[in-house]
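Subject: Structure handover and findings

Hello,

Here is the structure I promised to pass on. Please open it alongside this note.

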Amino acid sequence: MNIRYRRIIYHEHLGMMDEPAYVEKNIRKVRAYERNGHVAGRDLILTFETKSNPIGPADAERLIKTYFA
């Protein structure tokens, strides 16, 4: 919940983007968010990673500051 704007923000972390079946499943999930009125970058935060390109603590900190500061 972003208290300042009184708005719920969803976070979907897609952590196995090097697995084709996982990618296909999650594309459908993100499209379902969109069909239900959620917009990536506004009220839906999407993060991605692969085994060779993991997300780190600095990335999480940046997102928190961007959406909740």
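This is a predicted model: local features need pLDDT of at least 70, side-chain atom pairs count only at pLDDT 80 or more; totals for chains, interfaces and linings use all residues.

Overall layout

The protein chain holds two helices and two strands. Read along the sequence, their order is β-α-β-α. The C-alpha trace spans about 40 × 30 × 10 Å along its principal axes. The protein chain has 69 residues, and 25% of them are buried.

Contacts in the protein chain reach across the sequence. Of those between residues at least 6 apart, 59% join residues at least 24 apart.

The accessible surface comes to about 5200 Å². Carbon and sulfur atoms account for 56% of that surface.

Charges and salt bridges

The protein chain carries 12 positive and 9 negative side chains. The centres of these two sets lie 8 Å apart. The salt bridge count is four.

E12 and K29. E12 forms a salt bridge with K29, and the closest N and O atoms are 3.1 Å apart. E12 sits in strand β1 (residues 10–14) and K29 in helix α1 (residues 20–35), so the pair ties together parts that are 17 residues apart in sequence. K29 counts as partly exposed, at 32% relative accessibility.

R42 and D43. These two side chains also form a salt bridge, with the closest N and O atoms 3.1 Å apart. D43 counts as buried, at 9% relative accessibility. R42 is partly exposed, with a relative accessible area of 39%.

D59 and R62. Their side chains meet in a salt bridge at 3.7 Å, N to O. Where do the two residues lie? Both are in helix α2 (residues 57–68). They are three residues apart, about one turn of the helix. D59 counts as partly exposed, at 26% relative accessibility. R62 is partly exposed as well, with a relative accessible area of 48%.

For a sense of distance across the model, take D59 and I27. How far apart are D59 and I27 in space? They are 22 Å apart, C-alpha to C-alpha, and 32 residues apart in sequence.

Nonpolar surface

Which residues make the nonpolar surface patch of about 300 Å²? M1, I8 and Y10 make it. M1 lies in the segment before β1. M1 is exposed, with a relative accessible area of 53%.

Where to look when you open the file

- The E12–K29 pair, which links strand β1 to helix α1.
- The R42–D43 pair, with D43 buried and R42 partly exposed.
- The D59–R62 pair, within helix α2.
- The patch of M1, I8 and Y10.

Best wishes

Technical notes: Residues are numbered from 1 along each chain as its sequence is written. Side-chain values use heavy atoms; hydrogens and water are left out. Helices (H or I, at least four residues) and strands (E, at least two) are DSSP runs, numbered from the N terminus. Buried means under 20% relative accessible area, exposed over 50%, partly exposed in between (1.4 Å probe, protein chains only). Contact means heavy atoms within 4.5 Å. Accessible areas come from the Shrake-Rupley method with a 1.4 Å probe; for residues, only the protein chains shown count as cover. Lys and Arg count as positive and Asp and Glu as negative; His and the chain ends are not counted. The place of a charge is taken as NZ of Lys, CZ of Arg, CG of Asp or CD of Glu. Patches are made of residues with over 30% relative accessible area and no salt bridge: like charges are joined within 9 Å, nonpolar side chains (Val, Leu, Ile, Met, Phe, Trp, Tyr) within 5 Å.
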